[in-house]
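Dear colleague,

Please keep it open beside the text while you read.

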Amino acid sequence: MAAKGLEGVVVAQSRLSDINGEVGELIYAGYDIDDLARNTTFEEVCYLLWNGALPNRQQLDEIKQHLERHSALRPEVLEMLRAYPRDADPMAAVRTAISALGMFDPQADDISAESVRHKAIFLTAQTPTIVAAYDRIRRGLEPLQPKAGLGFAANFLYMLNGEEANETRVRTMDVALVLHAEHGMNASTFAARVTAGTLSDMYSAITSAIGTLKGPSHGGANVEVMNMLREIDESGEDPGTWVRNALGSGKKVMGFGHRVYKAVDPRATVLRELADQIMEEAGETKWLDLSDKIRAAMREEMDKKGKKIYPNVDFFSASVYTTLGIAMDLFTAVFALARMPGWTAHLMEQYADNRLIRPGSDYLGPRGLKVTPLSER
């Protein structure tokens, strides 16, 4: 019997991450996500995923230098971004730009271990610059090249908003990136590995991942959360009443539950704490206050039914990203730049021990049909 959506089917072995949804556990290469989010930076997590161990000071300085060195866009890519329609989906813009990068790389088809590692750094460095540049261009602003000396998260916020963010905002962005860097054999990671399994180039594999993440069933959950928050805010309706009416009509309350987690999403716990800090500092707690009322109403309604359902990371990332000045339609693109080290680490594994991924399927159609002459059909 086929497993619909390949649910429960193991398709690869990996040393990158593990999820125990029954207890709400997520680990990257042996480290609990809560520990990593509180005590490391995104650059350290990139190194961890690519090398299987956290860096020492010298190794961290080197990876930061490599990422900074490869973060500026070549003029041809900038001109291409300027030519995109101003109303294009940002994920379509990122997907097309990443694909185009492969045409400018004379070593694009080299999938040796050294070349794949170089491309992992290059793609991770380029993606935030692409996202920020396209957003500024479509707003009629001049794109900014990355500023030397700023870290990954700080540079992204600088290139996006045109000014350096304060420590709280940078740390919030950094933690959000850490929380989204890797998440097992999700749909986009699987798509990337399927493409790499044909021995296609790394740019093609990442383009496959981005195209998969673009789908709202995978990468758009926090957009739907923000739409829900705005709908409740604009209606003026009591959040508890809105939740009860939504559940009563069979409408899904966005940001609750997860395909994998049956307990608390561990990423949501950390992001909720950061949301409190950044919104209090910004003097704008509306979205978080609204989120807390929705969460309380959901808990009350689920208790009546004897069920447990918990907010996931998207429930809080929506309001956090909004407070950081990130446009709602950029949320999934930010997801992509955060997930780049995870995708590329999976590609390292795939190329190192490759086998063509070619599952079977159960045929449900008819048999024994006979062709009748065209004149008789």
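**Arginine 193 and its surroundings**

The side chain of arginine 193 makes a polar contact of 2.8 Å with the side chain of glutamine 350, and please bear in mind throughout that this is a predicted model. A second polar contact, of 2.9 Å, joins the side chain of arginine 193 to that of histidine 346. Arginine 193 is placed in helix 9, which covers residues 187-197, and it counts as buried because its relative accessibility is 4%, under the cut-off of 20%. If residues up to four places away in sequence are left aside, arginine 193 touches a set of residues that includes Ala12, Gln13 and Ser14 as well as Met185, Leu347, Glu349 and Ile357.

Two packed helices are described by the angle between their axes and the distance between the axes. For helix 13 (residues 266-282) and helix 14 (residues 286-304), that angle is about 145° and the axes are 10 Å apart. On the side of helix 13 the residues that meet the other helix are Arg272, Ala275, Asp276 and Met279, while helix 14 contributes Leu288, Asp292 and Arg295. Sorted by class, this contact of helix 13 with helix 14 has 3 nonpolar and 4 charged residues, and no polar ones.

Threonine 241 is found in helix 12, which spans residues 239-248, and it counts as partly exposed because its relative accessibility is 28%, a value that falls between the cut-offs of 20% and 50%. Although threonine 241 and isoleucine 294 are 53 residues apart along the chain, their C-alpha atoms are separated by 9.5 Å.

**Aromatic pairs**

How many aromatic pairs does a search of the whole structure find? The search finds 5 of them. In one, the rings of tyrosine 84 and tyrosine 134 have their centres 6.1 Å apart and their planes at 55°, so the pair is tilted. This pair links distant parts of the chain, 50 residues apart, with tyrosine 84 in the loop between helix 4 (75-83) and helix 5 (90-101) and tyrosine 134 in helix 6 (residues 113-138). Are tyrosine 84 and tyrosine 134 buried or exposed? Both tyrosine 84 and tyrosine 134 are buried.

In another pair, the rings of phenylalanine 315 and phenylalanine 316 have their centres 5.1 Å apart and their planes at 75°, so this pair is edge-to-face. Phenylalanine 315 and phenylalanine 316 are both buried, and together with Phe256 they form one aromatic cluster.

With kind regards

Conventions: Residues numbered from 1 in each chain as written. Predicted model: local features only at pLDDT ≥ 70, side-chain atom pairs only at ≥ 80, totals over all residues. Heavy atoms only, no water. Axes fitted to C-alpha atoms, helices over the stretch in contact; angles between N-to-C directions. Helix = DSSP H or I, 4+ residues; strand = E, 2+ residues; numbered from the N terminus. Contact = heavy atoms within 4.5 Å. Nonpolar A, V, L, I, M, F, W, Y, C, P; charged D, E, K, R; others polar. Buried < 20%, exposed > 50% of the residue type's maximum accessible area, 1.4 Å probe, protein only. Polar contact = N/O pair within 3.5 Å; in protein donor to acceptor, adjacent residues only side chain to side chain. Phe/Tyr/Trp six-rings, centres within 6.5 Å; stacked < 30°, edge-to-face > 60°.
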